[in-house]
Amino acid sequence: MPSTERKTRTIRLGYVARVEGEVALQLTMRGGRVSDLKLKIFEPPRFFEAFLRGRESREVPDLVARICGICPVAYQMSAVHALEAMFGVSVDPAVRMLRRLYYCGEWIESHALHVHMLAAPDFLGCESIFTMAERNREAVERGLRIKKTGNAIVALLGGRSVHPVGTCVGGFTRAPRRQELAALREDLKRARDDVLECLKWVAGFDLPDRSGDIEFVSLRHPDEYPMNEGRIVSSKGIDAPADSFDELFEEHQVSYSNALHAKVRGRGAYFVGPLARVNLNFDRLGAEVASAAADTGIPWPNSNPYTSIVARAVEMLYAVHEALRIIDAYDPPGTPHADFSPRAATGRAITEAPRGALYHFYETDDAGLIRRARIVPPTSQNQAQIEADLRGLAPQLLDRTHAEATRMCEMAIRNYDPCISCSTHFLRLRIERE
Amino acid sequence: MDIGQGLIRVIGVGSPLGDDAAGLEAARELAKSPPAGCEIIVADRPGVGLIELMDGAGTVILIDAASFGSPPATIHDLDLSDIDAVDGGFFSSHDLGLVATLNLARTLGRAPSRGRIIAIEDAACSNPSFEGISPAMREGIENAVLRVREWVARLAGPISSG
């Protein structure tokens, strides 16, 4: 059918009924304009909020680690920071650095997986990781090596790399010995070279340019690249304490998604994740990483969502440098975790998950049992921005084939690093024409 | 770790949740009295890390729960070279699933030269609970352990070039 006769075109990207990360997309265009666009997320984080009610505070880190198979550290970190604030717990400075190292491990493994296995095939015109492995075996091997290095950090501090259990309110159940951390050095040094190669590689991709008027949001720390602490800042002027999340942002329900949409109060959609962090914290990357990021030739800050893959590589490089720095300076804490006395309180915390800011709120009773919990994951915060990106992209899809339209929608969504179960099942596309 | 071409590596994969732990449990059972010349690994959701776990082993036997629509606890006994014909069945909520990882290993030239997949029917993930393994799956695990022991006996020894 000639394109001029297409009055309405509906694009549906199917979804998979698995445990986490189920996403579908429905996009309808009428007369060249978007008449309907729905990103349907079926992931049910509120289920966990209900699980948590009545549980002891000390159980929370293990329970929330189950929310995501790729970023359990982030869920644990936001939880322990909120609960420690509520119970007046001060952690040992060495524990604080171990937490930072733990987060480095998660960023490395999560970003390595996304960059090499999920996003790169899009930019290289490969159908999948398998096609890419046939054409560019070394890049895939490099991704596996980098990911393994991140896994090893998480496994050492968390007891295991998947759904780790080593974190507790007040610190860790066990602090590693100096030589255990030192054993990671060689792999991290190799990873540093690998990530530098990776950064040059992704910066050389043909990145579509869809720069826009986007509000980027992340934490910002006085001295460090943000992971566990900081103020909330944005590219449109927000600069507020982390516990003011509810005053700054509002969540609202949409009929077609199980995840709440979020927006900046009085404004609209916003963008969290690696690109937001790099944009708002470039001066916290350190000279070496900032120099490597500048050498890519990509200007920072950058409002093109397709540069997210490069921002992810920049953060991998930062995380490897930071992990080495922490390991070299490590002096084991006197005790792996501080004691605490649960009490009736409310508290909140934000930490920077691989995919962006992760907000937790808790209320406990006199015995320290959880009365209420609220968790706002980065994926749900990004939903409205993803839809905005797809609206902007939609006019280009009208005359594309099914395969091209699918690939373009997938790429736009993957800029935000959806989990693998989403990404690998964005394969079924149905187009209806009236 | 390289244990030599003549040895067999048995890897049980799965998650601790309900019957999806079948592969892990079978490997733990085997580890109590491992067959001679056999290394047993319990791999909790290894994802692409499975490639590394297989590195250096000439023969690998994988044990996992899977859903192909058969009666609960049915044993599906597959040759590693048959994975092209496997459509779905194995679960993975994150990271690459078993078949995808094996395909990636093969593409990278890192797949073992021979092996089996012993899949225990999980009846469409019918018991995704924290209550442990169902009685039906217990039976499936016992049968899988017996099947692995049979295969180890048949596969033990040098690999033929043909």
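In this predicted model, I41(B) touches R9(B), I11(B), A27(B) and L53(B), when residues up to four places away in sequence are not counted. The place of I41(B) is in strand β2 of chain B, which covers residues 38-44. Is I41(B) buried, exposed or partly exposed? A residue counts as buried if 20 or more other C-beta atoms lie within 10 Å of its own, and as exposed if 12 or fewer do; I41(B) has 19 such atoms within 10 Å and is therefore partly exposed. Along the chain, I41(B) and D84(B) are 43 residues apart, and their C-alpha atoms are separated by 25 Å.

Chain B as a whole contains four helices and five strands, and these elements, read along the sequence, follow the pattern β-α-β-α-β-β-α-β-α. Of the 162 residues in chain B, 49% are buried. If one takes the contacts in this chain between residues at least 6 apart in sequence, 78% of them join residues at least 24 apart.

Two of the helices in chain B can be followed in more detail. Helix α1 (residues 22-32) and helix α4 (residues 135-155) of chain B pack with their axes 9 Å apart and at an angle of about 50°. Angles under 35 degrees count as roughly parallel, and those from 65 to 115 as roughly perpendicular; α1(B) and α4(B) are therefore oblique to each other. The crossing in which α1(B) passes α4(B) is right-handed. On the side of α1(B), the residues that meet α4(B) are A22(B), E25(B), A26(B), E29(B) and L30(B), while their counterparts in α4(B) are M137(B), G140(B), I141(B), A144(B), V145(B) and V148(B).

| Strand pair | Sense | Bridges | One bridge partner pair |
|---|---|---|---|
| β11(A) and β12(A) | antiparallel | nine | A349(A) and H360(A) |
| β12(A) and β13(A) | antiparallel | six | F361(A) and R374(A) |

Strand β12 spans residues 356-364 of chain A, and strand β13 spans residues 370-376. In the hairpin of β12(A) and β13(A), five residues stand between the strands, and G368(A) takes a positive phi near 85°.

In soluble globular proteins, nonpolar side chains tend to be buried together. The largest nonpolar core here has 149 residues, and those with the most contacts inside it are A313(A), V314(A), M316(A), L317(A) and V10(B). Helix α4 of chain A, residues 93-123, supplies the largest share of this core, namely 15 residues. Which residues is V314(A) in contact with, leaving aside its neighbours within four places in sequence? They are L199(A), V278(A), V289(A) and A293(A).

Terms used. Residues numbered from 1 in each chain as written. Chains lettered and ligands numbered in written order. Predicted model: local features only at pLDDT ≥ 70, side-chain atom pairs only at ≥ 80, totals over all residues. Core = buried A, V, L, I, M, F, W, Y, C linked by C-beta atoms within 7 Å. Contact = placed C-beta atoms within 7 Å. Pairing = 2+ DSSP bridges. Axes fitted to C-alpha atoms, helices over the stretch in contact; angles between N-to-C directions. Parallel < 35°, antiparallel > 145°, perpendicular 65-115°, else oblique. Left-handed = near helix turned anticlockwise from the far one by under 90°.
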